Amino acid sequence: MKTAKKIFFISLVAFFSMAQIFAQDWDDDWGGDSDSASASSEESAGGFWDKFKFSGDASLGGRIYFDNESAGKTEARAIPELEIGLDYEGPSTNFSARINLSERTLLHNQIDILDEFRADLFLGDFVLSAGKMKVVWGKGDKLHVLDNFNANDYTDFLIPDYLDRRAGEYMFRVQYNAPSVFRLEGIWTPIMRGEIYAEDGRWVPNKVNTLTDAVMGIVGETKLDGMKIPQLLDMMKKQDEMYPNTNRLEYGQFGFYGNFSIGAVDLGVSYYNGHYKQVSANMLSTIMAKKGVPGYDGMPSLEYDKLQVFGLDAQAAAGPFTLRAELAYNLTKDTAGDDPWVHNNSISYLAGFDVGIPLHNLNLNVQGTGNFVLKKDKISDTMIAKGGRKDLDTDYDPTGCYSNNKIVVQLKDTFYYEKVEAVVKAIYGFERRDLVLMPEVSYKIRDGWKARLSGLFIHNFGDDEDSEFAGWLDNSFIQLSVHYSF
């Protein structure tokens, strides 16, 4: 029923937005002055409909997973997907919509069948936009620490491109483009979406299983209102009961971004006010119920922590290099660092460059990113830490260093009159010693047809249990797909 209501709401917004766009541009194409009135209706109609553009991409892929333990566990599956786009450009208004039909949207997230929907109104130096949108803040290249409005869809890990795995958010956006090199924008979203994870299959996050195991281990066979723990866990798996309802104004988001240039340096200043997209688990009631303390029902509470982000970013050209940087201060309610159920404050960064190498058509892109948890010493001073369960702290890090630094390197080249493109991306996490390799070779056949051979390799050089990708270390695969764009 909730899905049906959302689809109805989206359709209603789309209908009225289209009506407004057509009404505003109708006079320009069908009526107006005497010159346009003397034109034939056929010519006018042709000029109007020429402003619409249909596009799309159809693909069919086959993926083969190779487990490390046994060749007999090799698994193959087909991956079909269809994307359709509609764009309209008028004298003072634009409209665009994207439809995504795939296993991810049809079977799991029907609300994302309408991937994006946006209407833009141009008023001099101002642009007003509304709809289901994806907005990118920050100067990083498909990697950011300031891009907070849209959640990620990790149902297929990191395989989709950056924008493809971002979930559209209903938002209102105002942009001001000054005549000089200065730009301001403000965004407000009435509600929020949390991170999207696989509910079953190979890509269920290990932290979801860890939460379930923690509840099982703490509560044991305690009865809660006559309900045994296995029954309780079955109930908790229902997302509407386990996760907070973020379709409320209290989960609205807003922020401001300013961009300007000083010489050859492009600078940005941003402020975000919203929530973390990953839940924090408050296990206090569960712990107290096990100890027999009255007044606690034993149910863990999941919350999206309140979050403010103060950001700076920069981009500059230095000879053949393009330099990028982002810096964020993440402020939560746990400024003292001693609340185990709320994220501590933290600092995140990104720094990198890309450069064309004078050897064939090589391009090298290197970006480093990381996060440092502040007041990490307080994590060992909390009530649950002294009780021997510091692993339940929201910020708990099994490596003990409370930082997460990665380097992402991408090397790209083209061959055969740019019909063949080869890309290798490597991600390495220093603290947990994780390595992810993502090679890809594509070939432009002709007339919009492209064939692509890609793969994924995940490995941990340390303790598998400490890996950020624990539970996914056997998910390496190769994939062959064919795409047709129109």
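Predicted model: local features only at pLDDT ≥ 70, side-chain atom pairs only at ≥ 80, totals over all residues.
The chain has 486 residues, and 43% of them count as buried. Its secondary structure comes to nine helices and 20 strands. The accessible surface of the chain is about 25,400 Å², and carbon and sulfur atoms account for 59% of that area. Contacts can also be sorted by how far apart the partners lie in sequence. Taking those between residues at least 6 apart, 59% join residues that are at least 24 apart.

Strands 3, 4 and 5 can be followed in order. Strand 3 covers residues 93-102 and strand 4 covers residues 114-123; the two run antiparallel and are joined by seven bridges. Strand 4 and strand 5 form a hairpin, with two residues between them. Gly124 lies in the turn of this hairpin and has a positive phi of about 65°.

Strand 18 (residues 434-446) pairs with strand 19 (residues 449-460) over ten bridges, in the antiparallel sense. Within this pairing, Lys444 stands opposite Lys450 of strand 19. The hairpin of strand 18 and strand 19 has two residues between the strands, and Asp447 in this hairpin takes a positive phi near 45°. Strand 19 pairs as well with strand 20, residues 477-485, through eight antiparallel bridges. On that side, Arg452 is found opposite Ser481 of strand 20.

The last stop is a loop residue, Asn148, which is placed between strand 5 and strand 6 (169-177). Is Asn148 buried or exposed? Its relative accessibility is 15%, and the cut-off for buried is under 20%, so Asn148 counts as buried. What does Asn148 contact, apart from its neighbours within four places in sequence? The residues in contact with Asn148 are Gln253, Tyr272, Lys277 and Val309.

Definitions and conventions:
Residues numbered from 1 in each chain as written. Heavy atoms only, no water. Pairing = 2+ DSSP bridges. Helix = DSSP H or I, 4+ residues; strand = E, 2+ residues; numbered from the N terminus. Buried < 20%, exposed > 50% of the residue type's maximum accessible area, 1.4 Å probe, protein only. Contact = heavy atoms within 4.5 Å. Areas by Shrake-Rupley, 256 points an atom, 1.4 Å probe, with all protein chains shown as cover.
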